[in-house]
Amino acid sequence: MIRRWTLLILLLAGGLWTAPVLADEAVVPDLVGTWNGTSDGYHAGYGYFHPGEYQYVLSISGQEGRIFHGTLIVSGLDPTKEYPLSGVIAHDMKTLEIAEYGTGIDTGYLLSPDEMELILLVNDEDNFSVLCKLKKET
């Protein structure tokens, strides 16, 4: 009969033992840089819009750990608008919670190290919902 410690040694030697990875131990993605893309969306006053109608540049200018800040620039509007922002990378290291100053809360999802989806929801006098697909410049 195999003793418990022998079984444990066999499991460890066989590579079956895995320790859980905590958020503090996970690799924090590097968001600093310029992310470009287009969007699909709906504006209460204008209706649906499609890729190519508006261009988005998300410029992340600083990051310390899971906290970051930057600017979202939207062109295709008259005039082009810039929205300062700051955000947090959630514990899953893929979800971004972003505060656009004076506009609202956005949610981002890292699809890969250089791709993200950004969901913008604005509920005020300028009601709209936007799904941006952004790629990081290399």
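From the N terminus on, the elements of the protein chain run α-β-β-β-β-β-β-β-β-β, which comes to one helix and nine strands; helices (H or I, at least four residues) and strands (E, at least two) are DSSP runs, numbered from the N terminus. This is a predicted model, in which local features need pLDDT of at least 70 and side-chain atom pairs count only at pLDDT 80 or more, while totals for chains, interfaces and linings use all residues. Residues are numbered from 1 along each chain as its sequence is written, and side-chain values use heavy atoms, with hydrogens and water left out.

**The whole chain.** Begin with the protein chain as a whole, where 30% of the 138 residues count as buried, a word that stands for under 20% relative accessible area, with exposed meaning over 50% and partly exposed in between (1.4 Å probe, protein chains only).

**Strands β4 and β5.** Next, select β4 (67-75) and β5 (81-89), which run antiparallel and are joined by eight bridges; two strands pair if DSSP finds at least two bridges between them. Look for Ile-67, whose bridge partner in β5 is Val-88, and then go to the hairpin of these two strands, where five residues lie between the strands and Gly-76 takes a positive phi near 105°.

The phi of Met-93 is near 65°, a positive value in a residue other than glycine. Is Met-93 buried or exposed? Met-93 is buried, because its relative accessible area is 9%.

**Tyr-54.** Move to the loop between β2 (47-49) and β3 (55-64), where Tyr-54 is found; Tyr-54 counts as buried because its relative accessible area is 19%. Which residues is Tyr-54 in contact with, leaving aside its neighbours within four places in sequence? They are Gly-37, Thr-38, Ser-39, Phe-49, Val-74, Ser-75, Gly-76 and Leu-77, where contact means heavy atoms within 4.5 Å. If you mark the C-alpha atoms of Tyr-54 and Ser-75, you will find them 5.7 Å apart in space, although the two residues are 21 residues apart in sequence.

**The largest pocket.** Finally, select His-43, Tyr-54, Leu-77, Asp-126 and Phe-128, which lie nearest the centre of the largest pocket among the 19 residues that line this pocket. A pocket is an open set of points on a 1 Å grid over the protein atoms alone, where a 1.4 Å probe fits, with protein on both sides within 12 Å along at least five of seven lines, and lining residues have an atom within 4 Å of a point. The elements that give two or more residues to this lining are β4, β5, β8 (115-122) and β9 (128-136). Colour the lining by type, and the residues divide into twelve nonpolar, two polar and five charged; Ala, Val, Leu, Ile, Met, Phe, Trp, Tyr, Cys and Pro count as nonpolar, Asp, Glu, Lys and Arg as charged, and the others, Gly among them, as polar.
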